[in-house]
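I opened this notebook to record, entry by entry, what I looked up in one structure.

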Amino acid sequence: MEFADKVVIITGAAGGIGKETARLFAKQEAKLALVDLDQSALESVASELELEDYLAIGADVSNENQVMNYVQATKEKYGRIDIFFNNAGTVGKLARMTDTTAEDFDKVVNVNLKGVFYGLKHVLKVMQEQKSGSIVNTSSGLGLHGGIGLAAYSATKHGIIGLTKTAALESAGFGVRVNVICPSAVYTPMVNIIEEFRSPESTEKAREQSEQRIPLKRYARPQEIAELVLFLSSEKASFITGSEYKIDGGLRA
Ligand SMILES: NC(=O)c1ccc[n+]([C@@H]2O[C@H](COP(=O)([O-])OP(=O)(O)OC[C@H]3O[C@@H](n4cnc5c(N)ncnc54)[C@H](O)[C@@H]3O)[C@@H](O)[C@H]2O)c1
């Protein structure tokens, strides 16, 4: 029960990976601050996970005031922030670069890059002051390579790795660790959007082909991603900071 009474903020907590991570932390009796666009979706997660001690905060991570608000609300209720899973993200509208509008590009940058930056900026202030804490950001396999139709997504996910390394360097002296995970496809609604773009006539075919390319012959389960997040957040990872972790079933081996 390493996480008993630890205060954990999870953004994107109503989504596939966020919810499973909340489930694993809750099993160890952590105190959870769940953040997502839609507060009622978070209340459903809390009731599905039978949470007792939690905060459900509706916030758009691309809005700095709303980020300050979820950090403040957590600090007010629990007095500290031990772990931050900076995970909310969007794949945006898939299109080749030549067909991508500036507006569509900006939407992805605002959520994936600025949202992660605002989260780091305001949570780090709290963690640096308390001189402890661990942060895990969510990048992607597409933070390490490109993807057709995914220019903004790939660019922002590369950017999250840069933010992570800088945050780790700026925080090490305060006893705060910052790492980043790079999952390939995970069984969540987000991959359906990519499958539809790749093969609009048959998403099943797209899935089969994608799964075949992965040495372990399947996508990741959200729980497998959550297990890595818990490891990196734990004392077992006490010497790990500024590192990026591929979790991809051997895809880029
Ligand atoms: N599913 C995959 O295959 C995959 C692979 C690699 C990385 N990722 C990354 O994992 C993270 C979690 O995604 P997921 O797979 O659970 O997908 P998901 O779509 O199930 O969850 C994403 C969550 O983020 C929330 N969100 C989106 N924009 C937001 C905003 N502006 N403010 C607050 N919340 C917002 C959504 O409402 C949703 O609940 C994302 O950063 C995603 O890019 C996913």
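The entries below follow the order in which I looked things up.

**Entry 1. The model.** I noted at the outset that this is a predicted model.

**Entry 2. A pair of helices.** I recalled that two packed helices are described by the angle between their axes and the distance between the axes. I looked up helix 1 (residues 16-27) and helix 8 (residues 222-233), which pack at an angle of about 55°. Their axes lie 8 Å apart. Angles of 65 to 115 degrees count as roughly perpendicular and those under 35 as roughly parallel; helix 1 and helix 8 are therefore oblique to each other. I recorded their crossing as right-handed.

I then listed the residues that meet. Helix 1 contributes Gly-16, Ile-17, Glu-20, Thr-21, Leu-24 and Phe-25. From helix 8 come Pro-222, Gln-223, Ile-225, Ala-226, Glu-227, Val-229 and Leu-230. Sorted by class, this contact of helix 1 with helix 8 holds eight nonpolar, three polar and two charged residues.

**Entry 3. Helix 5.** I looked up helix 5 (residues 151-171), which has 21 residues. From its first C-alpha to its last it reaches 30 Å, close to the 30 Å expected at 1.5 Å a residue. Which residues of helix 5 are buried? I found Ala-151, Ala-152, Tyr-153, Ser-154, Thr-156, Lys-157, Ile-160, Leu-163, Thr-164, Ala-167 and Ser-171. These buried residues pack against helix 4 (102-130), strand 5 (133-138), strand 6 (176-183) and strand 7 (244-247).

**Entry 4. Asn-63.** I located Asn-63 in the loop between strand 3 (54-58) and helix 3 (64-78). Asn-63 counts as partly exposed because it has 15 C-beta neighbours inside 10 Å. I also looked up its separation from Gly-115, 52 residues away along the chain.

Entry 5. Where is Glu-50 found? I placed Glu-50 in the loop between helix 2 (39-48) and strand 3. Its phi is near 55°, a positive value in a residue other than glycine. With 8 other C-beta atoms within 10 Å, Glu-50 is exposed.

I next turned to Lys-131, in the loop between helix 4 and strand 5. Lys-131 has a positive phi of about 65°, although it is not a glycine. Is Lys-131 buried or exposed? I counted it as exposed because it has 10 C-beta neighbours inside 10 Å.

Note on methods: Residues are numbered from 1 along each chain as its sequence is written. This is a predicted model: local features need pLDDT of at least 70, side-chain atom pairs count only at pLDDT 80 or more; totals for chains, interfaces and linings use all residues. Axes are lines fitted to C-alpha atoms, for helices over the stretch in contact, and angles run from 0 to 180 degrees between N-to-C directions. Helices (H or I, at least four residues) and strands (E, at least two) are DSSP runs, numbered from the N terminus. Angles under 35 degrees count as roughly parallel, over 145 as roughly antiparallel, 65 to 115 as roughly perpendicular and the rest as oblique. A crossing is left-handed if the near helix is turned anticlockwise from the far one by less than a right angle, and right-handed if clockwise. Two residues are in contact if their C-beta atoms, placed from the backbone, lie within 7 Å. Ala, Val, Leu, Ile, Met, Phe, Trp, Tyr, Cys and Pro count as nonpolar, Asp, Glu, Lys and Arg as charged, and the others, Gly among them, as polar. The expected span of a helix is 1.5 Å times one less than its number of residues. A residue is buried if 20 or more other C-beta atoms lie within 10 Å of its own, exposed if 12 or fewer, and partly exposed in between; C-beta atoms are placed from the backbone.
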